[in-house]
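Let us take a friendly walk through a structure, going from whole chains down to a single residue. Keep the 3D view open as you read.

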Amino acid sequence: MGELAAFREEARAWVRENAPKSLWGTSGSGPFEGYWGGSKCRETDPDLLRWRDLGIEKRWTAPAWPVEYGGGGRSAAEEHIIHVEMQAIGVPRPVAGQGLAMLGPVLLEYGSDAQKAQHLPGIVRGEVRWCQGYSEPNAGSDLANLQLRAERQGDALVLNGQKTWTSHADLSDWIYCLVRTDSSAPKKQMGISVVLVDLSTPGITVRRIDLISGYSPFCETFFEDVRVPAENLVGKENEGWAIAKAILGHERASIGRSIARQPGSAQRDVVERARRHLGAPEGPIPDPLLRDEIAGLGMREEAFHLTLARIQQEAEVGTPGPEGSITKIVGSELKQMRFEIGMKVAGVRGLGWEGPGFDPRDLEYTRDWLRSRASTIEGGSSEIQKNIVSKRVLGLPEGKK
Amino acid sequence: MTGHRAPHLLLSDEQKMLAKTARELIAARAAIGRLRSFRDSKDEVGFSRELWAEMAELGWLGLQIPVDHGGLGLGFFDLCVLLEQSGRALMPEPFSSTLLLGAQVFLLGGSEAQKDAWLPGIAAGEKLVSLGLPEEGIGSQVSAAANGRGFALTGEVADVLDAHVADAIVVPALAPGDRKTLFLVDRRETGVRLTRQHRIDGRNAAIVHLDRVRIGGDAIVGPRHDAGPLLDEVLDRARIGSAAQMLGAAEQAFDDTLAYIKTREQFGAPIGSFQALQHRAVSVFTELALTRSAVLAAARAVDEAPDDVARLASLANGVASETFMLAAKVAIQMHGGIGVTDEHDIGFFIKRAQADYVSLGNPSQHRRRWAKLHGY
């Protein structure tokens, strides 16, 4: 612990010294904060770009990845400390994205040396942006039902089919896809492979999806006779399901993190709204029932953050408990709870879609409230999570659903 | 977490060992079915004095009492480790009265003479102390009239835990000039009368009647003028200790329920294979995980972050009350018909859950306090 404590001091000092002041307190705004990079990136904020460069130079964009691929070669505990210190002052990580959060860890575990050398440095430097091709119109919660076909033709795979919920496919350079390489396999979990696809390959079209909240980063991605070199398969052909599950594990951890925000921030946010809309700049919030609801939210938020801290402490001493399995469920429900109460306190002033007659803060909040309905669906619905906890943690017998 | 640093929430190896030893001894010696026997035989004591003495010998009753007062000199956190285990068996032994309410009054507000007189006896299991809590709103009140150099106490306090066997009872009373003061009343004093109460939850309690009970000025515990802050501090510790007991009890109810639904068969399958039950079980598991974090943080705050105790006491007690009640209700529902029979032990949990829910502040009172402490 002595060494880690010393490293914590070092990390804190470096982050506070180097993170541009304009970025302090900006983290926690949503899942797509920070610098996502890629060849289509039009980011112009000089501080965000400087923070990216400093992070790359310090090798702290992927602190725990091997040095040979541009990582920092640090331990998982040290990486966590770095991230905590950034979170503590509310600055985003220097480079963000699904390459860092999801694909990278999987390539490190399952990828070939050539794949690692080809893809990891670009991810570390924020030069190549990745998106995820998982869900399909008929493969949501039942992901293993996916149908996008990949047929061998010589040393290439030919892809035909459709992916959906491909976040930011329109801004990404590459997509990692789950494809069906063997449709005659006896179980649907068999015959699935993971393949890396360059989105500029002919035959790919991307269409944006609007949500109930309006604009969204989600897309549909269509594949028509798309030729991909066979060496882009990750791991063994037809054995991609295990890899898919590993990626989903990283995704849930990442969703849990992004939902967590700053301790106490949900309560602060709703109290501020209540004060503004109920005309009570200070003192007790005049409606005791709303105050009770807000306190319930605040207490649950605190218990959730304490639980995240406990999970982390258990992991640091090498005895991870089973609580990690519930963070996605609780975090997403907490987010919805926060927006629901925030909408209640706004009353009719929360009904604006756009234009005059409404406070811009309320217009944005209302969109966020609508968007929050997806949080218990995306990344594994709460119901699917409960099935998993029930089976793996509580040891309840598998049954008819 | 008002600051960015989360409290340390893990048990040390010694604390894990304490939890394990306590769990084993309690499982072997304190079956929940005892509550039924005590109730049906109208047992005069209502708990096992032998078991209490045995726990004293193991050092458990003096975990948090300083070494020079006969204890082990550990922290409140350690006491909560023990309390969680006692909660698993819904033990009716006088943990709440003597170790939480009683001992904390002396630890926080006692004079050296009072500490010398009471703490070693508490640690040795030889002395029992309780605290009477006049209920807000009902108007039960004790008054302390000046009487020579001392006072004469008159009034009545009900629901005083273990008062039927306590050697002394701490009673908040209004002294001349409307000053709230804590008085230590010896049960043997003339004018003290006790009426045993029989409750649903298996804990023992009595009404304390005081009729011009004459006591000296040295029977005051803590400040003479305003005992309010001291009482709040004592109650916050009791809230946290009680939350630890509730956590243990809720875990036990859940463990028993999980074991039951894995074996009970209907429609040719264990009922635990039905998704309707599985999802409810996960909900209880989720609340237990959140509650455990709150209880650990609150217990740690008593030892390490005194400024955060009030807030975390309300968090822990409020959350634990809701979780225990949920676990107790789900336990009965999943046990089905057998769950509502007196023959089965699972029904004892909801009785204790209700008692704990309304004691030391109910969850809505804790939410109100939480809001106030956060400035809204």
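Predicted model: local features only at pLDDT ≥ 70, side-chain atom pairs only at ≥ 80, totals over all residues.

Chain A holds eleven helices and eight strands. Its radius of gyration is 22 Å, close to the 21 Å that the globule rule gives for 401 residues, so chain A is as compact as a globular protein of that length. Chain B contains eleven helices and ten strands. For chain B the radius of gyration is 21 Å, close to the 21 Å from the globule rule for 376 residues, so this chain is also as compact as a globular protein of its length.

The table sets out some values for each chain.

| Chain | Span of the C-alpha trace along the principal axes | Buried residues | Contacts joining residues at least 24 apart, among those at least 6 apart in sequence |
|---|---|---|---|
| chain A | about 75 × 50 × 50 Å | 42% of 401 residues | 71% |
| chain B | about 80 × 55 × 40 Å | 53% of 376 residues | 73% |

## Where the chains touch

Now look at the place where the chains come together. Here 37 residues of chain B are in contact with 39 residues of chain A. On the chain B side, the elements that give two or more residues are α7 (228-263), β10 (269-270), α8 (275-304), α9 and α11 (363-373). Which of these elements gives the most to the side of chain B that touches chain A? That is α8(B), with 13 residues. Sorted by class, this side of chain B has 21 nonpolar, 13 polar and three charged residues.

## A helix pair in chain A

Next, find helix α7 (residues 265-278) and helix α9 (residues 327-346) in chain A. Their axes lie 8 Å apart, and the helices pack at an angle of about 10°. Angles under 35 degrees count as roughly parallel, and α7(A) and α9(A) are therefore roughly parallel to each other. From α7(A), the residues A266(A), D269(A), V270(A), R273(A), A274(A), H277(A) and L278(A) take part in the contact, meeting L334(A), R338(A), I341(A), G342(A), V345(A) and A346(A) from α9(A). The contact has eight nonpolar, two polar and three charged residues.

## A helix pair in chain B

Helix α9 (residues 309-335) and helix α10 (residues 347-358) of chain B cross at roughly 155°, and their axes come within 9 Å. Are these helices roughly parallel or roughly antiparallel? The crossing angle makes α9(B) roughly antiparallel to α10(B). The crossing of α9(B) past α10(B) is left-handed. On the α9(B) side, the contact is made by S321(B), F324(B), M325(B), A328(B), K329(B), A331(B) and I332(B), while α10(B) brings G347(B), F349(B), I350(B), A353(B), D356(B) and Y357(B). By class, these residues divide into nine nonpolar, two polar and two charged.

## One residue in a loop

Finally, zoom in on Y215(A). This residue sits in the loop between β6 (204-208) and β7 (219-229) of chain A. Is Y215(A) buried or exposed? Y215(A) counts as exposed, because it has 11 C-beta neighbours inside 10 Å.

Definitions and conventions:
Residues numbered from 1 in each chain as written. Chains lettered and ligands numbered in written order. Axes fitted to C-alpha atoms, helices over the stretch in contact; angles between N-to-C directions. Helix = DSSP H or I, 4+ residues; strand = E, 2+ residues; numbered from the N terminus. Parallel < 35°, antiparallel > 145°, perpendicular 65-115°, else oblique. Contact = placed C-beta atoms within 7 Å. Nonpolar A, V, L, I, M, F, W, Y, C, P; charged D, E, K, R; others polar. Left-handed = near helix turned anticlockwise from the far one by under 90°. Rg over C-alpha atoms; globule rule 2.2 N^0.38 Å. Buried ≥ 20, exposed ≤ 12 C-beta atoms within 10 Å, placed from the backbone.
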